[in-house]
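Colleague: I am new to this structure and would like to go through it with you one step at a time. Could you take my questions in turn and show how each answer is reached?

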Amino acid sequence: MAIVLEDVSKTYEVKGKRIEALKKLSLTIEDGEIFGLIGFSGAGKSTLLRLINLLEAPSSGKVNVNGTDLGSLTGDDLRIRRQKIGMIFQQFNLIESKTVYQNIEFVLKASRYDRKKIRGRIEELLDLVGLGDKVDSYPKNLSGGQKQRVGIARALANHPDVLLCDEATSALDPDTTKTILKLLKRINRELGITIVLITHEMEVIKEVADRVGVMSEGEVVEKGDVYSTFSHPKHDVTKGFVQDIYDFAIPPHIDVNNRSEVITIKFLNEHAEANYVNQLYRHFECDISILNGRIEYIHDMPLGFLMLHIKGEPEEIARLKSFIDESKGIERAEIYAEID
Amino acid sequence: MQRLTEIAPLLYRALLETTLMVSISIFFAVLLGLPLGILLYITANPLLFRIKPLNQFLGAVTNVIRSFPFIILIVAIMPIATWLTNSSHGPVFASVALSLAAIPLFARLVETSFNGVNTGVIEASIAGGASLWLIVTDVLIPESKRGITQAITLTIISIVAFSATAGVVGGGGIGDLAIRYGYYRYDTVTMVATVVVLIIIVQLIQLIGDYLSQRQEGN
């Protein structure tokens, strides 16, 4: 069981111009995982997500969700299948004229849920998302985070096997984003629901995704487990996203020449915590100053970057560089961003 | 002043006629205009029930009726009105033409307020597996309650204005009184009195309409 996209493409015709939103893309999302798709706006991730519940139909190719070929469904069959594919949105998309209770009731009505069980189901869902006291509130009286919780409760109402998240935290502040992401992770682990999320923020991927796919111009240009994708980005777009997190750039007042170099080193796994810089100080006759540094924990594995300014004789600098290159778990990293 | 007391019974009768015509017409405008507005909207919306030819056909019919000068419309549909009401004059007879004019107007206003409904909410409803019917009754209509209330207000006021012309077929009403007594007979007092009554009616309808639509917002 999985979500399998096979050679899907999507082209639009806008004012006589053909736009290729997706180019013959294939992707498999495993059952029970959290798969994050990251890309800039216009990369096609939103279109890709909407293929999974057929809000958009592919121009060619196949979309198979847990054994059902969506292309073969029409009318009521498609409608009923969609009830098992939850979706949440950046702008929450709640019915403003309905209370929290009625918003969730709406999708239960859609699935002809047993009337006698509706109230119980809604209370259960609101407890799950931590909004038990907001049953009768209207969306306009809720904060962004609370609205998204209602969105999640609504998406889960009909016991879906898949949850699609369309930039679900992009309209939220960082703290609220964290709590919503935690909730999504809990839902994934406790209910076993496969989650596909799209975002333009690497933070989101880092926080919840098991695997990541990087999208650019209608293609998945890179994919893999989150740690290796972050520690060894290959595609320029991926490098850009990693750079966004570490935000390293050579300070403008630093002269770079053969006696003064800026080196960024990358610590992988457990080496991130080792007392490495101390060794450099001890073994080399160089002036070493730290310009920038950061350690991120991805799935509890540290990934650290340290930017050093090294001054000394060219030979000594060269010796230091080869020492770094030979150290286990340490690598010299490129600076990914353009320097302003 | 004396003239005012003389025309009081006339005014009263005209007021009843206007009320009758407006009531009948707004009833049919909503009864038939709402479904027409819904059809205009859903047949244009790619997320819902897009059927371009049907949408163009309905749009064309709506526009044609709305293009008619009201006086011509009254005359043009006289045979149908006669057949429907089994009479050839009077407020009920005039209401047929008034309803016919009000239906497309109301439909277009409803369509416009549906256009104001957040597309994202409709998308979310479809993603949730809701049927078209459920989306119409539980999303479109409740989400545009305010716009629909305003559409009803505007349509009623338009019917009041149209009804002045209804005198041609003996519809009576306040506007007709203004034309017959005030304009044709140079009876300034009656003309001013009727116009004042009309202003008060329109103001009242607008006030009530605004109050009701604000209450929709207030939940």
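Colleague: Is the crossing of H2(B) and H5(B) left-handed or right-handed?

Modeller: Please keep in mind that this is a predicted model. In it, helix H2 (residues 52-67) of chain B packs against helix H5 (residues 91-115) of chain B with their axes 9 Å apart. The sense in which H2(B) and H5(B) cross is left-handed.

Colleague: Are H2(B) and H5(B) roughly parallel, roughly perpendicular or oblique to each other?

Modeller: The angle at which H2(B) and H5(B) pack is about 130°. An angle over 145 would count as roughly antiparallel and one of 65 to 115 as roughly perpendicular, while the rest, beyond those under 35, belong to another class. The two helices H2(B) and H5(B) are therefore oblique.

Colleague: How many nonpolar residues does the contact of H2(B) with H5(B) have?

Modeller: From H2(B) come B:Thr62, B:Ile65 and B:Arg66, and they meet B:Leu100, B:Pro104, B:Leu105, B:Ala107 and B:Arg108 in H5(B). Sorted by class, this contact of H2(B) with H5(B) has one polar and two charged residues, and its nonpolar residues number five.

Colleague: How does H5(B) run relative to H8(B), roughly parallel or roughly antiparallel?

Modeller: The axes of H5(B) and helix H8 (residues 145-163) of chain B come within 9 Å, and they cross at roughly 155°. Since angles over 145 are placed in one class, the direction of H5(B) relative to H8(B) is roughly antiparallel.

Colleague: How many charged residues are in the contact of H5(B) with H8(B)?

Modeller: H5(B) passes H8(B) in a right-handed crossing. Among the residues that make the contact are B:Leu105, B:Phe106 and B:Leu109 of H5(B), together with B:Ala151, B:Leu154 and B:Phe162 of H8(B). The residues of the contact of H5(B) with H8(B) divide into twelve nonpolar and five polar, and the number of charged ones is none.

Colleague: Turning to chain A, which strands stand at the edges of the open sheet of six strands?

Modeller: The strands of this sheet in chain A follow the order S6-S7-S8-S3-S9-S10, with mixed pairing. Each edge strand has a single partner strand, so one side of each is left without a neighbour in the sheet, and in chain A these edge strands are S6 and S10 (219-225).

Colleague: Which helix gives the largest share of the side of domain 1 of chain A that touches domain 2 of chain A?

Modeller: The domain assignment of chain A gives domain 1 (2-243) and domain 2 (247-333), and their C-alpha centres lie 39 Å apart. Their contact takes six residues from domain 1 of chain A and eight residues from domain 2 of chain A. On the side of domain 1, the largest share is four residues, and the helix they come from is H8 (residues 226-231) of chain A.

Colleague: Which element gives the most to the side of chain A that touches chain B?

Modeller: The contact between the chains takes 21 residues from chain A and 18 residues from chain B. On the side of chain A, helix H2 (75-82), strand S6 (85-89) and helix H3 (100-110) each supply at least two residues. With four residues, the element of chain A that gives the most is H3(A).

Notes:
Residues are numbered from 1 along each chain as its sequence is written. Chains are lettered from A and ligands numbered from 1 in the order in which they are written. This is a predicted model: local features need pLDDT of at least 70, side-chain atom pairs count only at pLDDT 80 or more; totals for chains, interfaces and linings use all residues. Two residues are in contact if their C-beta atoms, placed from the backbone, lie within 7 Å. Two strands pair if DSSP finds at least two bridges between them. Axes are lines fitted to C-alpha atoms, for helices over the stretch in contact, and angles run from 0 to 180 degrees between N-to-C directions. A crossing is left-handed if the near helix is turned anticlockwise from the far one by less than a right angle, and right-handed if clockwise. Ala, Val, Leu, Ile, Met, Phe, Trp, Tyr, Cys and Pro count as nonpolar, Asp, Glu, Lys and Arg as charged, and the others, Gly among them, as polar. Domain bounds come from an automatic or database domain assignment.
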